[in-house]
Number of protein chains: 2
Amino acid sequence: MAVGYHALPVLLPVAGVRWGTTAAGIKKPGRQDLAVMEIATGSAVAGVFTRNAFCAAPVQVCKQHLQTDQTRYLVINTGNANAGTGARGMQDALTTCRAFAALVGCAPEQVLPFSTGVIGEYLPMDKITAGLVHALSNSASDWNPAAHAIMTTDTLPKGVSLQRNIEGRTITLTGIVKGAGMIRPDMATLLSFIATDASLNAGDLQMLLQEVVRDSFNCITVDGDTSTNDSLILVATGKAHKTRLAVGSAGFLAFKAALLELCQTLAQLVIRDGEGATKFITVTVTGGADKDECGAVAFTIAHSPLVKTAFFASDPNWGRILAAVGRAGVSALDLSKVRILLDDVCIVAGGERHPEYTEARGQAVMDREEITVTVDLQRGVASHTVWTCDFSHDYVRINAEYRT
Amino acid sequence: MAVGYHALPVLLPVAGVRWGTTAAGIKKPGRQDLAVMEIATGSAVAGVFTRNAFCAAPVQVCKQHLQTDQTRYLVINTGNANAGTGARGMQDALTTCRAFAALVGCAPEQVLPFSTGVIGEYLPMDKITAGLVHALSNSASDWNPAAHAIMTTDTLPKGVSLQRNIEGRTITLTGIVKGAGMIRPDMATLLSFIATDASLNAGDLQMLLQEVVRDSFNCITVDGDTSTNDSLILVATGKAHKTRLAVGSAGFLAFKAALLELCQTLAQLVIRDGEGATKFITVTVTGGADKDECGAVAFTIAHSPLVKTAFFASDPNWGRILAAVGRAGVSALDLSKVRILLDDVCIVAGGERHPEYTEARGQAVMDREEITVTVDLQRGVASHTVWTCDFSHDYVRINAEYRT
C-alpha cells in the first residue's frame, strides 16, 4: 500500500556486518521481533536519537554506551518500546546488554539496545534473553531478515543499497528503516540502521551523520508526533579502504553525497509507508529570509489536518494551504509577494488566485499520487523542503484500532 | 451530534440590538446565509480578530471601521469567506458597507462586514446587495434566526444567554457563535457576536474583551488551523444602566465574571460541535514554571493526532499523552516529578505507570463522553486549560468531502 514503493529491493551485504533474527514471542507468537547486528572490530559507529524529553530507557543506555567508542553489537526488539517504564525499564535495558555480552564474550558497554512498540509496559525479559541465543545462531550477511524483523505498523519492509566508486574502490552503503506513525523525528525516524564499508573515524562519522540527518530524516513528518524511541545508527566498517577518508577530500564529499541520497531515500520510504498514506507530498518553501522560517511554513502546511484531508480527497482546496502559510508565524510577511504552486501550476500570486489558474488545472495535479507544493515567499534566498503524506480514513482506523 | 449540547437554548433579547436575516442564495439556494445586526446609537463596540497573516478582506475592513467608534451595523454572510481575494476582495467588502449604508442612511464606516465559507472565491455582489434589503425588512429582537444564519459546517446553531443582577439592575448577555473546523483561534473563533445591555465605554469594553478572550476562545482547538476570518464582536448598548460600570468596581468585576462565563460556554460549544467530535476533552496543565509552558504542553496534547484518535477509540493508550508531554519543548523538565491523570485516575507518576493504575480503571474513564486530562509538572504554580475534541472517521469524511 506504500506510495510509489512496492517491495524491498535487493539489499547488498556490507563487509564487517552480520544480522541475526528470531521470533522471540515478545508480543505476537511466530513473528520475527528480535534482531542482532554484529559489527566487526575497528568499525566506527555514530548515532542520533530522539529529542523527546520522555526518551525511552534503551535510548538513554545507547547514548551512554556509544561514548565508549567500542560498539560491537546492536540488539533490537519490536512489540514493546520500553518507554515510560522508569527505573525498572533502565534495569531491563542494561540487563539485555549484560545477557548478550555474556553470550558473546564482550563488555556490556559494547552492546547498544533498541526497542519499539507499545509504550508503558515492561519488557518480557525471559523471552528476550532466550531469543538472543537463537538470533545469534542464525547470523549471516543478509539484511533482508532484519528489514522484516524491525517492522511494527509498517506495511512493507523498507531499505535501500547504494554503491559508489570512491578513491578507486567500490563503496557499499546499505540501510533499513522502520516507522509509520508517531513520526516527526527531531533527530531520526523511529529506528534506522545503516552500514558502509567505507573508512571514517568515529568523530567524523558522527559529524557527518548529524549534518546529513538535518536534510533527510529531520525533514519528514507523518503526524507531528516525535517518538520516545527514535534512533538512527550509522556503522562504517572500513573494510573497503585501508586508509580513512579525510574530511573535505573529494572522496569524503562523494561519500557524504551518497550518504545523503541514502538517508533521503530511507526517510522518504517512511512517508511513502506512512499510516494510511495514499499520497506522497513534497513541500518546498523558497525565497525565505532564513532556513528556520522556511521550515516553519513547510511544517505548518505539512501538519495541517485540513491540508492533509484535502490531499486525501484530491481536492484542490488551496485556501487551506494559503491559511496555513498565514498562520506559520513569519513576521512581516508581505502577502502581495507570496506565490504558491501545485507542481508547475501557479495557484496564488499577489495574495490571491493567479489569473490563469483554473479548478481543472488544480484538479489535474491533485489527481496525481506524488505532488509538490511550492511556496515562494520572495523575501530572501533560503529554502527548506519537507516530505509528508495525506490524512486518510485509514489513518484514523489504524490509530483507533492499534491496541485492539 | 454535538457532545453534551443538543439544542439552541432560549436566547434573551438585548435592548438596543435587532437582527434581520435572509436567504440570499450565496452558495446554496433557500438557505439562510445573510444576517444584519442593528445596534442602537451610543453603544460601545469592541472586537478581536484572527492573527493569521492572510486575514480576509472583511477582517481588514472591520479593523479600520471599528476605529471610528460609531459602529451601527454588522453585515454577515456565510458561503464565501472573501479571503485570498486580493484587491477585488477589499473592494467587495467596502462595496457591501457602502450599499448597506446607502440603504439605512449612515456612513459606510459605521458598517462592519463579516464573511465565512470557502476561501479564494469572489463574493457574488449582486446577490448580497439584493439580500441586504430583505434582511433589513424582517429585523426583530429575536437572536434565533441569526444563530441559524451564521452556520456553515456547524451541526447545530450555537448560543447562550445569561442574566445577572449588577448594581441593582438585571443585566442580560446574549451571544451566538459559529465554527467547527479550521479552529485554533489565536484571537477568537470563526465568528461570534455578543451583546449586553450593560453600560461600558468603548475603551474599557475592548480591554475587557481581550482579557476574557485569552481565557476562553483562545483556549480551544479542533485541528490547530487558525482561520483567515476569525472575528468576535462585543456590543454594550447601555440600555440597562444610565451610568457606566467603573473599571475595578464591584459591578464591573461581576460583569467581567459573567462575560467570562458566557465566552467560555460559547467557546466550548464550538468544541462540542467540532467536526466529527464524539468526545469533549479538557486538558489542564498545572504546576508549571509559567503559563506559556503550561499552554505549550496542553496544546501539544490537544493537537496530537495520536492522542485524539486514542480518545475516539476510547483507548487508554496513555503512552501517547506521555510522548506528547515529552515533545512539548519544556526545558529541563524533571520527568520523575510529572504526574498524569485521566479524570481522577492517576496513570503516570515518577515517569512511569502509577503502581495502582490498571487498564480497567483507565478504560472506565475513556468510556466517558467528557474527559479531563490533567498533567502536573510539579515545578511551579502556573496552570493553563485547553478544550478540544477527538479525531474521528467523520473528521476525515467531513473535510475530504467539504467541497464535493
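Mentor: Begin with a term: two strands pair if DSSP finds at least two bridges between them. Keep in mind that this is a predicted model.

Trainee: How many bridges join β2(A) to strand β4 of chain A?

Mentor: Strand β4 covers residues 73-78 of chain A, and β2(A) and β4 run antiparallel. One bridge partner in β4(A) is A:Tyr73, which belongs to A:Glu38. The number of bridges joining β2(A) to β4 is 5.

Trainee: Which residue of β2(A) stands opposite A:Thr22?

Mentor: Strand β1 (residues 17-22) of chain A also pairs with β2(A), in the antiparallel sense and over 6 bridges. Within β2(A), the residue opposite A:Thr22 is A:Leu34.

Trainee: How many of the residues of strand β2 of chain A are buried?

Mentor: A residue is buried if 20 or more other C-beta atoms lie within 10 Å of its own. Strand β2 spans residues 34-39 of chain A and is mostly covered. Of its 6 residues, the number buried is 5.

Trainee: In chain B, which strands stand at the edges of the open sheet?

Mentor: The sheet has 7 strands with mixed pairing, in the order β9-β16-β11-β15-β12-β13-β14. A strand at the edge has a single partner strand, so one side of it is left without a neighbour in the sheet. The edge strands of chain B are β9 (220-221) and β14 (352-353).

Trainee: What is the bridge partner of B:Ile340 in β15(B)?

Mentor: Strand β12 (residues 339-342) and strand β15 (residues 370-376) of chain B run antiparallel and are joined by 4 bridges. In β15(B), the partner of B:Ile340 is B:Val375.

Trainee: Is B:Asp343 buried, exposed or partly exposed?

Mentor: B:Asp343 lies in the loop between β12 and β13 (345-349) of chain B. Its phi is near 50°, a positive value in a residue other than glycine. Because B:Asp343 has 16 C-beta neighbours inside 10 Å, it counts as partly exposed.

Trainee: Where is B:Glu167, whose phi is also a positive value?

Mentor: The phi of B:Glu167 is near 50°. With 18 other C-beta atoms within 10 Å, B:Glu167 is partly exposed. Its place is in the loop between β6 (158-166) and β7 (169-178) of chain B.

Trainee: Now the domains. How far apart are the centres of domain 1 and domain 2 of chain A?

Mentor: The domain assignment gives domain 1 as 17-272 and domain 2 as 280-400. Taken over C-alpha atoms, their centres are separated by 33 Å.

Trainee: Which element gives the largest share of the side of domain 1 of chain A that touches domain 2 of chain A?

Mentor: The contact takes 11 residues from domain 1 and 11 residues from domain 2. On the domain 1 side, β9 (220-221) and α6 (250-272) of chain A each supply at least two residues. The largest share, 4 residues, comes from α6(A).

Trainee: On to the two chains. Which element of chain A gives the most to the side that touches chain B?

Mentor: In this interface, 48 residues of chain A are in contact with 50 residues of chain B. On the chain A side, α8 (305-312), α9 (319-326), β14 (352-353) and α11 each supply at least two residues. The most, 5 residues, comes from α9(A).

Trainee: What rotation superposes chain A on chain B, and which residue of chain A has the C-alpha nearest the axis?

Mentor: The rotation is 180° with 0.0 Å of shift along its axis, at an RMSD of 0.0 Å. The two copies are thus related as by a two-fold rotation axis. In chain A, the C-alpha nearest that axis lies 3.0 Å from it and is that of A:His393.

Trainee: Against which elements of chain B do the buried residues of α11(A) pack?

Mentor: Helix α11 (residues 393-400) of chain A has the buried residues A:Tyr395, A:Val396, A:Asn399 and A:Ala400. They cover an arc of only 115° around the axis, which puts them on the same side of α11(A). They pack against α8 (305-312) and α11 (393-400) of chain B.

How values were computed. Residues numbered from 1 in each chain as written. Chains lettered and ligands numbered in written order. Predicted model: local features only at pLDDT ≥ 70, side-chain atom pairs only at ≥ 80, totals over all residues. Buried ≥ 20, exposed ≤ 12 C-beta atoms within 10 Å, placed from the backbone. Arc of directions from axis to C-beta. Contact = placed C-beta atoms within 7 Å. Least-squares fit on C-alpha atoms with pLDDT ≥ 70 in both. Domains from an automatic or database assignment.
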